[in-house]
Amino acid sequence: RDKTQWLDALSYLEGNVPKQINFLIDKIGQAFKVVLLFDNVESFQDEKTGEFLSEYEPTLSVMAHAAQHHQIFTILTCRYPVKEKELASTLTPFDLGDIELNDFIRKCYNLELNLNQQQMEFLFRAIGGNFRYIEFFHRAFSETPDEEMKKALADIKSFEVETERLTSQTLQQMAENLIFDRLWEKTGSKEQELANLLYHFTLPVIETAFHLQSYPTDDLKETLDHLNDLTLIQVYLDRELNLNYYFMPPLVKNLLSRIQAIAKMPAQFHEKAGRYHYYMLSHVQPGNINELDAAFWQFYQAGNKERMDELGQRLSWFYYSRSFYKNSLNVCQAVYEVFGEDMSWWCGNRLGNIFWSTGQYDQALPFYDKALKAFDTLPGLTAKDKENKGTTLNNICAIYHARGDYETALDYLSRSLK
């Protein structure tokens, strides 16, 4: 009824909204572990300075309150670095554009892009691992006729070739520049030994990786901090597990390889690196595909056949079950290279399935035969073994049926039913 009182009430609420939200954050944080995501923070920032605009100071206060709460996991996505101390001191910056190839491919599948895996990998190399890029590409792709899109992909390929040339040229200039040389000169023998170890890891690692490599533990943390201060390595904190991960960025690896020869690591290094990733896979990050992949390839370089067989079966199935046939093929071919005719039944069967799924029946058949021979070497078949053998026989039946050799197909079908 009283417009003045109503406006006064609105003014009071607007002035106290941050306090009310912070109150709610505290109460919710007492009962739950919460993730708060503030998306597109650049809309609150000045384009020139990157600082929060004055009209968004209440929003800044809420973000800072959430970031400082021990039960609240706060994520900001923004185009510009956050400069305000109340936020910058509690947040760890991370480049969201730096995603893995498999995540990129999954995003392409989710968007139902009509591309094969080879084209997806090419697109990843051409435009980089950025989800927003894929969405823009998807929009252009869906609005462009097939013939024009084929031409566009060809243009992108030309662009990629030119980009690779310019990238190589730029890296060479950077390596020749005294800045990187001076950084490397500030390292001693211990730092260089540790840097060379990190160079050969493909994933960020915790300190356990260096312990397994028998690196002296007395001043390990100090040496890692020095390398980080020199920007030769990077560190990020896993807040959930409270673990520091260390890694050497690809750019540093590239520059380092241009100023000194990188020695090939002995099998002992790869064996210990494989044990590290196997430990992470078993105890720290169970089921993590990146740790599984890294463990397999380290054991491959170490020549550890037992672990290769165990992890290769899991890794190749992960890729095959998601239609990443090329990745699965690489794993199985590595196992076949090491084991030869003594490979396990799963490897022959998986190779046969890959070729069968891609219509290469002539290449699938010999591997199905190898799988059957491997079954015959087992001391006794479990119910699961019999089921797998029956599936292999049934797949062979399907190949002969597709060829029109119905008599042979019937023979294999009969054997599969037994």
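Reply: Here is a walk through the rings, then the charges over them, then the cores.

A quick note before we start: this is a predicted model, where local features need pLDDT of at least 70 and side-chain atom pairs count only at pLDDT 80 or more, while totals for chains, interfaces and linings use all residues. Residues are numbered from 1 along each chain as its sequence is written, and side-chain values use heavy atoms, with hydrogens and water left out.

Let's begin with the rings. Rings of Phe, Tyr and Trp (for Trp, the six-membered ring) pair if their centres lie within 6.5 Å; planes under 30 degrees apart count as stacked, over 60 as edge-to-face, and the rest as tilted. That rule gives 17 aromatic pairs here. Take F44 and F52: their ring centres are 6.4 Å apart with the planes at 25°, so this pair is stacked. F52 is buried, at a relative accessible area of 10% (buried means under 20% relative accessible area, exposed over 50%, partly exposed in between, using a 1.4 Å probe and protein chains only). F318 and Y319 make an edge-to-face pair, 5.5 Å centre to centre and with 75° between the planes. Both partners are tucked away: F318 is buried at 17%, and Y319 is buried at 4%.

The charged end of K305 sits over the ring of F339, 5.0 Å from its centre. K253 has its charged end over the ring of Y199, 5.9 Å from the centre.

Now the packing. A nonpolar core is a set of buried Ala, Val, Leu, Ile, Met, Phe, Trp, Tyr and Cys residues joined through side-chain atoms within 4.5 Å. The largest one has 50 residues, and F296 and L311 have the most contacts inside it. Helix α18 (residues 361–377) gives the most to this core, with 7 residues; helices here are DSSP runs of H or I, at least four residues, numbered from the N terminus. Leaving aside residues up to four places away in sequence, F296 touches M308, L311, G312, L315, V331, A334 and V335, where contact means heavy atoms within 4.5 Å.

Conventions. Lys NZ or Arg CZ within 6 Å of the ring centre and 35° of its normal. Helix = DSSP H or I, 4+ residues; strand = E, 2+ residues; numbered from the N terminus.
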